Amino acid sequence: MVKNRVIGVVSGKGGVGKTTFVANVGLSLVEINNDVTVIDADISTSNLGMHLNLYQFPLGLQNVLDGDLDIFNATYMHPTGLKVIPTPLYIQNPRKSYSPNALKNLLENEAGIFIIDSPPGLNRNVDLVLKASNEVIVITTPDIASVTDAMKTVKLARDNGIKNINIAVNRVSGKYELTREEIESACDAEVIGEIPEDKAMKACLMYGTPIVLAKPYSKSSIAFRTIAAKIMGKEYQPPRFLFIKRLFG
Ligand SMILES: Nc1ncnc2c1ncn2[C@@H]1O[C@H](COP(=O)(O)OP(=O)(O)OP(=O)(O)O)[C@@H](O)[C@H]1O
Ligand SMILES: [Mg+2]
């Protein structure tokens, strides 16, 4: 049997940081010597490629799902060694819908760690991600609207038979927010990590350089690396003299 882990990164509410999370956690997992492929399954509004400065690809996931291309030829290599299965920025067949098991069938015989960037919401394309995943990380921001949608997403993942479900709380600033304990209790799932609000994220997207590469000692980068270590069942050891490195790095 092929050994793989397929981690779906999903959210109820849109714009909460799924793609940012997939790019940064994917890179952090590569740093600790893992074979990682990130997949852009946000077929109609894809942008994982933008986060990673990968624009030059004519073909991607959709062509694999269409049966016109194999996974190997749809996989691009980021300079760090992170593998990326992107979705082209233009829409090819916007109304085409796939069998819910289409992505699962593709990944079943592939080895390694796969992290799937999902579209937001609870619609058919999310089904494609949930059916393919054996683990799920639900991204939420610490506000009541996003957490309410996260609760529904956790339930949907459970209804799909997924047992390993965690929450990652993004854009934490500590003001007028639900606490970690409140979010865990509302969603009935454990929080795997909290990523702080970080003004530098905007520039990272602009330049196609995720924060773990652009500002490796920032609090948000350390949060992404801590989560990557947890995913591997390890405890993250922060670099020595972090505060001083942060000042200069
Ligand atoms: N921790 C953070 N601090 C500040 N800005 C952030 C943070 N995380 C993400 N952002 C910003 O929020 C915006 C949305 O992020 P992203 O595209 O990752 O969300 P998404 O959940 O993938 O959105 P969609 O649902 O549309 O796919 C981006 O501009 C990103 O730079
Ligand atoms: Mg996204």
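## Sheet

Eight strands form an open sheet with mixed pairing, in the order E3-E4-E2-E5-E1-E6-E7-E8. Strand E3 (76-77) and strand E8 (190-196) are the edges; each has a single partner strand, so one side of each lacks a neighbour in the sheet. Strands (E, at least two residues) and helices (H or I, at least four) are DSSP runs numbered from the N terminus. Two strands pair if DSSP finds at least two bridges between them.

The model is predicted: local features need pLDDT of at least 70, side-chain atom pairs count only at pLDDT 80 or more, and totals for chains, interfaces and linings use all residues. Residues are numbered from 1 along each chain as its sequence is written, while chains are lettered from A and ligands numbered from 1 in the order written.

E2 (residues 36-40) pairs in the parallel sense with E5 (residues 112-117) over five bridges. Here Val38 stands opposite Ile115 of E5. E2 also pairs in the parallel sense with E4 (residues 83-85), over three bridges. Ile39 faces Ile85 in E4. E1 (residues 4-10) and E5 are parallel too, with six bridges. Arg5 has Ile113 of E5 as its bridge partner.

E2 is mostly covered, with five of its five residues buried (20 or more other C-beta atoms within 10 Å of the residue's own, C-beta atoms being placed from the backbone). Val36, Val38 and Asp40 are buried on one side, Thr37 and Ile39 on the other.

## Helix packing

The axes of H1 (18-31) and H10 (residues 219-231) come within 8 Å and cross at roughly 60 degrees. Axes are lines fitted to C-alpha atoms, for helices over the stretch in contact; angles run from 0 to 180 degrees between N-to-C directions. The crossing is right-handed (the near helix is turned clockwise from the far one by less than a right angle).

H1 contributes Asn24, Val25, Ser28 and Leu29 to the contact; H10 contributes Phe224, Arg225, Ile227, Ala228 and Ile231. Contact means C-beta atoms, placed from the backbone, within 7 Å. These residues divide into six nonpolar, two polar and one charged. Nonpolar covers Ala, Val, Leu, Ile, Met, Phe, Trp, Tyr, Cys and Pro; charged covers Asp, Glu, Lys and Arg; the others, Gly among them, are polar.

## Ligand 1

The shell around ligand 1 has 19 residues, of which Gly14, Lys18, Thr19, Thr20 and Met201 come nearest. A residue is near if its C-beta atom, placed from the backbone, lies within 6 Å. H1, strand E7 (164-172) and helix H8 (201-207) each supply at least two shell residues. The shell divides into five nonpolar, eight polar and six charged.

Conventions
Buried ≥ 20, exposed ≤ 12 C-beta atoms within 10 Å, placed from the backbone. Contact = placed C-beta atoms within 7 Å.
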